[in-house]
Structure formats: structure tokens, C-alpha cells
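Hi,

Here's the structure I promised to pass on.

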Amino acid sequence: MRAALYMSAGHVVVEDVPDPALSEPTDAVVRVLRAAICGSDLWSYRGVITRAEQSRLGHEFIGIVEEVGSEVRAVRPGDLVVAPFTWSDNTCPACLDGIQSSCERGGTFGAPGADGGQGQAVRVPWADGTLVKVPGGPTGVDESAYPALLSASDVMGTGLHGAVMAGVAEGSTVAVIGDGAVGLCAVLGAKSILGAERIFLMSRHADRAAVGKSFGATDVIAERGEEGIAAVRERTGGLGVRHVIEAVGTPESWAMAVGMARDGGSIGAVGVPHTAPTLPLFQPLVHNLSLNLGIAPVRRYLPDLISRITAGTLDPGPVFDTVLPLENVAQGYAAMAARESIKTMLTTGDLWSTVSRSASRP
């Protein structure tokens, strides 16, 4: 089959790789219908972090179950499924606490030794605990819903988790730092699911701000740093906001989050700190701020998100403004790295199928 491989900073290719196969009785093999490029994929692409040459890429995908192991019960071949970006057994203590991203048997797609989502098929460990079926299956869901379902595999669940950790509730005033797909989905989750009344989106990009407004942002602030903090405080009578969602992970974004939070406020942080910022603890302590941060347990949110998407009451699909075939994945990385695309969706075609694979077997 075909899959995206990381070669070096700025260099991503698509090559033939071995077909995935069942390794454990709890595995499933999923044929990928749609995959995505994530902002976190860009850290290695830009050379900020190191990655092994020829490693598999991607952790966001939806697809059709092709094969299941003998112990799999929750999904069957032919099911349309959404995979969260981490797999989990959904039975360990962390999973039962709703923190599936900390599963003791878990892992991340695209990590060393694992299949990546940016390919034609994926071996999914712990399929029963990981995959979530879409009601109606592939014949009951229009392809127009695929972008929204794909967003649920990571960015929608991650953005919502940031809003939940920030304590957003009905009538809340919220600030969202980060206008990437996660930040935009945080706006949508805060507004459409949790009922926030006023949402400040920190953005200086017209295309991203437009999506943010369509998702429920009431105020768009282009200023950064101290000027951005001052703008939020000016519009809130000097108080700042009670709920801040940090969706970037840099020292600058953390300084803004702390600076615009009102006394007694909460910060929900889902921005991965690849640049290892030093967390400023003195100001949060002095101002009685609650800091909640973590890798989003997307599996926890998937059933509700899928239900809302298929019911037509939630559509995070507009975060995808670029659609490319898998073979052109390098173009998608370049566009996102240059901020010419908010988020890229990849189509895989139907080149990898049960029929073609069966025909090639002895």
C-alpha cells in the first residue's frame, strides 16, 4: 500500500510500505477513507524536533473496517469508524477515569513502530476500546460529513477538551489563544456544546478569523503579547476573562494566557509545548488561577461528537480548507507550514481493498 513517510526536515514523500496485518487478536485493520495533516506534524517538518528517517506520518483518520482479530466484538468488517489519535483498551484505570490518552496499553498512531494515519490502511491495536462506529455505516452517511467526522479524530475533541478543562459553561466569557484547527474547534466547542456567551479569538489571519466567527467567536483580537492582553482586559472592564483556552504551547502563548485570565480564573491548555516553555508559576499563584493541561482523551468525547455530527447539529468540517490526494501530501505540508492552509485533508482513493489484497495473496 501507499503511505506518507518523513525523510528529513521539509521533505515528506509517499512510498510503498507493507500492507498492515493483524498482529494481536484485539487488532483491527482499517482501510483509510480520509486522513489529515495536523499542526503537530509540522514540528518535525520544520525541524524543531527530530524524527527518524522514513518514519510513518499522521494520526488522524476515518475509514472502513476490513479485518478484525478473533477477540474483537465492538466493530465488524464493513463498519465506518472514527479513530482517535491515540489507541486505548478503554478498560484500564486511566481509561475508566476518562483519560484514555493515558491508557497503560495505549499508544499514538504515527509513533515509532506504529502505522500512521496518512496511508491507505492502518493496523489498530485494541480495536474494541479505540474505534467508534458511525451510525448508518458507509452507505448511511453522506461523504459531505467526512470532514466533520475526520475532525473528531483529533482537533474537535482536543479543542473541546481545552474548553472543558477551562471550566467553560453556559453564559461564560472565554478567550482562545491559537487560531489553528484546535483553537478554532475550541471556539466551536465552547459555543455550540458548552454554551459560552462571549468568545475572544486571538487571531491575525483573516481566513482563520472568518472560520472562528462562523464557529461562534464574538471578538477577534489581532494583537499579540502585552498588547493582546491589554485588548482583552480593555473589553472586559479591566478584569480579564474567567476561562482561557491555550492551544499553542509556546512561552509567548502561556504568558498571554496567564496575563488575560482574571483572578480566580481557569486555563485549559491543550497546546503541546514542543519548545519546552518554562511555566510561570508565581503569577498563577498570586492570582489564584487554576491550571489544567493535558493530552486530550479524544476517545472520551467521540460518541457524543459523532452523534452531534450525524444529527447535523455540529459541523467542525470547515477547519479543512485544503483537500489533496495522498500522493500530494508534500504539497499539504508545505501549505500548512507556510500558513497558506489551516488544515489539509487527504483522500486515499480506493486503491487498497479486500479484493485487490485477496487477489495478491497466494
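Helix H9 (residues 225-235) packs on helix H10 (residues 251-260) in this predicted model, with an angle of about 25 degrees between them and their axes 9 Å apart. Angles under 35 degrees count as roughly parallel, so H9 and H10 are roughly parallel to each other. Their crossing is right-handed.

Which residues make the contact? From H9 you have Gly225, Gly228, Ile229, Val232 and Arg233, and from H10 there are Ala255, Met256, Gly259 and Met260. Sorted by type, the residues of this H9–H10 contact come out as five nonpolar, three polar and one charged.

Helix H7 (residues 181-193) packs against helix H8 (residues 206-215) at about 15 degrees, and the two axes lie 8 Å apart. By the cut-off of 35 degrees, that makes H7 roughly parallel to H8. The crossing of H7 and H8 is right-handed.

On the H7 side, the contact is made by Leu184, Val187, Leu188 and Lys191, while H8 brings in Arg208, Val211, Gly212 and Phe215. How do the residues of the contact of H7 with H8 divide? They split into five nonpolar, one polar and two charged.

Cheers

Note on methods. Residues numbered from 1 in each chain as written. Predicted model: local features only at pLDDT ≥ 70, side-chain atom pairs only at ≥ 80, totals over all residues. Heavy atoms only, no water. Axes fitted to C-alpha atoms, helices over the stretch in contact; angles between N-to-C directions. Helix = DSSP H or I, 4+ residues; strand = E, 2+ residues; numbered from the N terminus. Parallel < 35°, antiparallel > 145°, perpendicular 65-115°, else oblique. Left-handed = near helix turned anticlockwise from the far one by under 90°. Contact = heavy atoms within 4.5 Å. Nonpolar A, V, L, I, M, F, W, Y, C, P; charged D, E, K, R; others polar.
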